Amino acid sequence: MTGAQEPEVMSTKQVRIAALAERFPQRAFTSLAHHIDAQWLKTATLMTRHDGAVGIDGQTADDFVRDFEANIQRLLEDAKSGRYKAPPVRRVHIPKGDGRTTRPIGIPTFEDKVLQRAVVAVLEPLYEHDFLDCSYGFRPGRSAHQAIKTVWGGLSSMGGGWVIDLDIKAFFDTIDHQHLRAFLQQRVKDGVILRLIGKWLKAGVLDAGQWQKGEIGSPQGGVISPLLANVYLHYVLDEWFEQDVKPRLRGRAFSVRFADDAVLAFSNEADARKVLEVLAKRFARFGLTLHPTKTRLVRFRPHRELRAETFDFLGFTYYWGKSLRGRWIIKQKTAKDRFKRGLKRISLWCRANRHLPLRDQHRQLCRKVMGHYAYYGITHNIESLQRFQYRVQTTWIKWLRRRSQRGWFPWEKARQLLLTLPLPRARIVHRASFV
């Protein structure tokens, strides 16, 4: 991959786009595609995962870079001239945490990933100026833990309140293309960019050999899908809540959104109930449906006699507990479904790899456990982490005892194994952010 542009050069151009977005906050830009040249595509190739699953054409990253210069030039000319044909994404179904249902994921071809990455690199600095602080998902310099901290901090400063736990039913599958185009055209009127996005939306999916037309939705797994989702919900929820809803409220309120997962918090119960009443109509106007049972109003305030309700956000359950000094504080623990999902994955892995050498199994399990701590290791969650470590140990031993038909792995040997090859101890990783 010779001659590829350094990412810093792309960043310099992105800074210019961001400056224009700030200078002209109401302008719809008609000239953006000129930034996408051969060097831009080469950098986009560097930014694209080379070990990802292949699309419907079976092309790998190695296949693409084998004749790199020619492939880049062909892809550029096809994109600019309108000859580019967006191939359907290959749909695969990955198990959900309950082990019974699956989640559909779309896998584009490698060329499609590169071109989508190039378009995202053009649009991202433009929309970063527009997106609000309440949005955290799939944005540069923002993370799930920042969203988690914001919810914790906002509710703590209000002393609790009423929380709308918002759940959009099949969001990525029900994005309305007509509304999305209208939202995009408020800031982007470049024909090349809009034509490419339109082709990706209409490309459809190939599921078990059957092609399904892309009439609505944006398949999860596509490189550009998270950006399009953020654009959609920026107008449907974020901007509406900030500009139209909050000025009409009697008390304090804030929203936090990570992709299609969001919470709205209020200090005043009447405010919360009024917003909940209009929320479904607001989303229906743009072709979206709130889940009838998962979307709910939660009374999130400490009380001596009444047990405070809880809610989940980004894998954590928020609840009230007592501090060491006896004060009510907001705590977080691993949500039950995420805890079960993590153990399920460990169990499936142990089952499939129980005949590997013990040290190889131990090395892989340590990585998985440390990955769990890296996300769930926040203040007040040590008990859940310790329970997870213990359950992983017992799961590992269970499958080792089934290595042979006799189940020959006595408990004494198991105890010795865990002394010789211990799993990492539970530890808090994100302490400073949550004190």
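Modeller: Ala170 counts as partly exposed because its relative accessibility is 41%; that class lies between buried, under 20% relative accessible area, and exposed, over 50%, with a 1.4 Å probe and protein chains only. The model is a predicted one, in which local features need pLDDT of at least 70 and side-chain atom pairs count only at pLDDT 80 or more, while totals for chains, interfaces and linings use all residues. Residues are numbered from 1 along each chain as its sequence is written, and side-chain values use heavy atoms, with hydrogens and water left out.

Ala170 has a positive phi of about 45°, although it is not a glycine. This residue sits in the loop that connects strand E3 (161-167) with helix H7 (171-174); helices (H or I, at least four residues) and strands (E, at least two) are DSSP runs numbered from the N terminus. Ala259, again a residue other than glycine, also has a positive phi, near 60°. Its loop joins strand E6 (253-258) to strand E7 (261-266). With a relative accessible area of 9%, Ala259 is buried.

On one side of the account stands strand E9 (residues 311-313), which pairs with E10 in the antiparallel sense over three bridges; strands are said to pair if DSSP finds at least two bridges between them. Within this pairing, Asp312 stands opposite Thr317 in E10. Two residues lie between the strands of the E9 and E10 hairpin, where Leu314 takes a positive phi near 55°.

The other partner is strand E11 (residues 328-334), which runs antiparallel to E10 and is joined to it by seven bridges. Here Trp320 is placed opposite Ile330 in E11. The hairpin of E10 and E11 has five residues between its strands, and Gly326 in the turn has a positive phi of about 85°. In a regular strand, side chains alternate between the two faces of the sheet.

These elements belong to a protein with 15 helices and 11 strands. Of its 435 residues, 48% count as buried. Along the principal axes, the C-alpha trace spans about 70 × 60 × 40 Å.
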